Amino acid sequence: MPVNPMDRREFVKKSAVTGAAVVAAGAVGAAPAQAADRKPEHTPRTWSFSILGTTDLHSHVFDWDYYTDAAYKDSKGNSVGVARVATLIKQQRAAKGEHRVLLVDAGDIIQGTSLAYYYAKVDPITGTDGHKGPKHPMAVAMNAMKYDAAALGNHEFNYGIDTLRKFESQCHFPLLGANALDAKTLRPAFHPYTVKRICVPGAPDIKVGILGLTNPGIALWDKDNVAGKMVFPGLVEQAKKYVPRLRALGCDVVFLTDHSGLDGSSSYGSELPYVENASNLVAEQVPGIDAILVGHTHTEVSSYTVTNKETGKDVVLSEPYCYGMRLTVFDFELELVHGQWKVTSTKAQTLNSNTVDEDAEITGLLKADHDLVVKYVNTPVGTCTADLSAAESCWKDVPIMDFIHLVQAKAVAAGLSTADAALPLISVAAPFSRTADIPQGDVTIRDVAGLYIYDNTLYGKKLTGAQLKDYLEYAAKYYHQVPSGTKVDTATVTNANSFWDYMYDTAAGVDYDIDIAQPEGSRIKNLSYKGAAVTADQVFVVAVNNYRANGGSGYPHIASADIAYSSTDQIRQLMIDYVTSKGTLDPADFAAANWKLTQDGTPVF
């Protein structure tokens, strides 16, 4: 579906409609008629209300792990799913009054589980063959939970703009993205903000402006879906434009929902001029903000205060983890001063969803959808001759990773030109899940999906030998330096520099050592191809996923490298298709230990 740009007059009109005026028709903030009509004995001078926040739900509807076919379980005893969050939300509304509670999300809603994939690709919400598609379970749930707004997350774009627009049309609340612009007109492609009213009997309504900001990294990570259609400027830049506009509309409270972390970091280096995790910078540099709901980084920050440099005012930020594990509660206290509401106190806390049961209403609405997905992921696709585990994949070359490399290399090889087919072909891939396991015996869709959990597509890009060495040196910063003679502890050797597992690429098709006794930048040793040392000017075709190929995680050279192959086929589906076509997955067909960790040349394992 094309993005329909709005002309200036239409934008102003729609912004006003989304904002101050029409929300009275169906605002969660509207008080019940009997409460609104009953005149108080005197005009209230103070009032309080709350904004509840979720983020990075990633289509977790129940406390369930589709990859293990069992209840979700982690080492900290967390529970997941909107069904549990719904219970916390109902408790908050019951305690405070529905007319004193707003509900907002900070993005990444429609990707991340087998349920998300099912309703994007298997039985897509966009429909197939002229038939109308189903309603997205997340739209069904969030409508029932009476969300007031949600920011766009970067993963909202993973399945393309058509799927996103269909999801948007199914939601009874706006998807906000003040920095998601039409590429041609540079006008908003989505509503930038909405304005809600908290009704105060006998006093003016409290007007709450909610501004949504998404992540600039979308331009890289989903380049194939958004290039030429949308652009994504920085959060600070767009907040400076829209926060004053919300104040000019008479908003008493300005609340931001940002799909952007709060430490000022970027995983993509200098590939973009805008900061990835900029919520702290927005609070610090943009005056007029009261609080920010933070998303994107999958961390729990119950309450974090940033002082605005211009006004000296404190801004409260909170990030409620991910998957529905937490619910943020922002509590606002206001005072009526000369006929206008002024915020006197803002506090935030997070509530743990593992303290409550799943909500019966949401369970009833979504159980049939969930059951369909469970049946789908348990569909057998073949057999495996041995158990393949990813438990040691972050420090050893294990067969289960070679399975990914095999499928990627085969797909790229089949699509190369005659000239490029003469070049050496290698593959790079990351160990996405240490808990992945393809069992000996029957192999189901969920077994493969649990290994490759992202919806990545495939590229073939050209790197020289020198560039390949740089690429592998960049990957090797994943390891902490461990001097020779010091025992290597697998529990602590990885994830140096906040370089997470999904960021760490291993390579197949070349042989090399990673000497972790050496400093970063000097670790790749004995890099060779078919027994001969790789030369600086040697040219390789590298099979790589679209996220990395477009600059994800900041790897050198790859984003600007020449393209030898590209496909819209998802790597996970290629893996499923391989097992289906072969019938039997046999590690003897692909297992090859071509890299290892060393300390001053001595193998670690």
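This report looks at aromatic rings, charges over rings and a cavity in a predicted model.

## Ground rules

The model is predicted, so local features need pLDDT of at least 70 and side-chain atom pairs count only at pLDDT 80 or more, while totals for chains, interfaces and linings use all residues. Residues are numbered from 1 along each chain as its sequence is written, and side-chain values use heavy atoms, with hydrogens and water left out.

## Aromatic pairs

A pair of aromatic rings is described by the distance of the centres and the angle of the planes. Rings of Phe, Tyr and Trp (its six-membered ring) pair if their centres lie within 6.5 Å; planes under 30 degrees apart count as stacked, over 60 as edge-to-face and the rest as tilted. The whole structure has 26 aromatic pairs. Take Tyr-193 and Tyr-242: their planes stand at 55° with the ring centres 6.2 Å apart, so this pair is tilted. Tyr-193 belongs to strand E8 (residues 193-198) and Tyr-242 to helix H10 (residues 235-248), so the pair ties together parts 49 residues apart in sequence. Helices (H or I, at least four residues) and strands (E, at least two) are DSSP runs, numbered from the N terminus.

Buried means under 20% relative accessible area, exposed over 50%, partly exposed in between (1.4 Å probe, protein chains only).

## A ring cluster

Tyr-479 and Tyr-504 make an edge-to-face pair, with 5.3 Å between centres and 80° between planes. Both sit in the loop between helix H16 (465-476) and strand E23 (506-508), so the pair ties together parts 25 residues apart in sequence. Tyr-479 is buried at 0%, and Tyr-504 is buried at 1%. Ring pairs join Tyr-478, Tyr-479, Tyr-504, Tyr-512 and Trp-595 into a cluster.

## Charges over rings

Arg-100 lies over the face of Trp-47, 3.6 Å from the ring centre. Arg-165 has its charged end over the ring of Phe-190, 4.0 Å from the centre. The test is NZ of Lys or CZ of Arg within 6 Å of the ring centre and within 35 degrees of the ring normal.

## The cavity

One cavity of 30 Å³ or more is present. A cavity is a set of points on a 1 Å grid over the protein atoms alone where a 1.4 Å probe fits but cannot get out; lining residues have an atom within 4 Å of a point. The largest cavity holds about 70 Å³. Its lining includes Tyr-67, Tyr-376 and Arg-572. Helix H18 (571-582) is one of the helices supplying at least two lining residues. H18 gives the most, three.

Conventions: On a 1 Å grid over the protein atoms alone, a cavity is a set of points where a 1.4 Å probe fits but cannot get out, and a pocket is an open set with protein on both sides within 12 Å along at least five of seven lines; lining residues have an atom within 4 Å of a point. Grid points are joined across faces, edges and corners, and a volume is the space filled by probe spheres set on the points.
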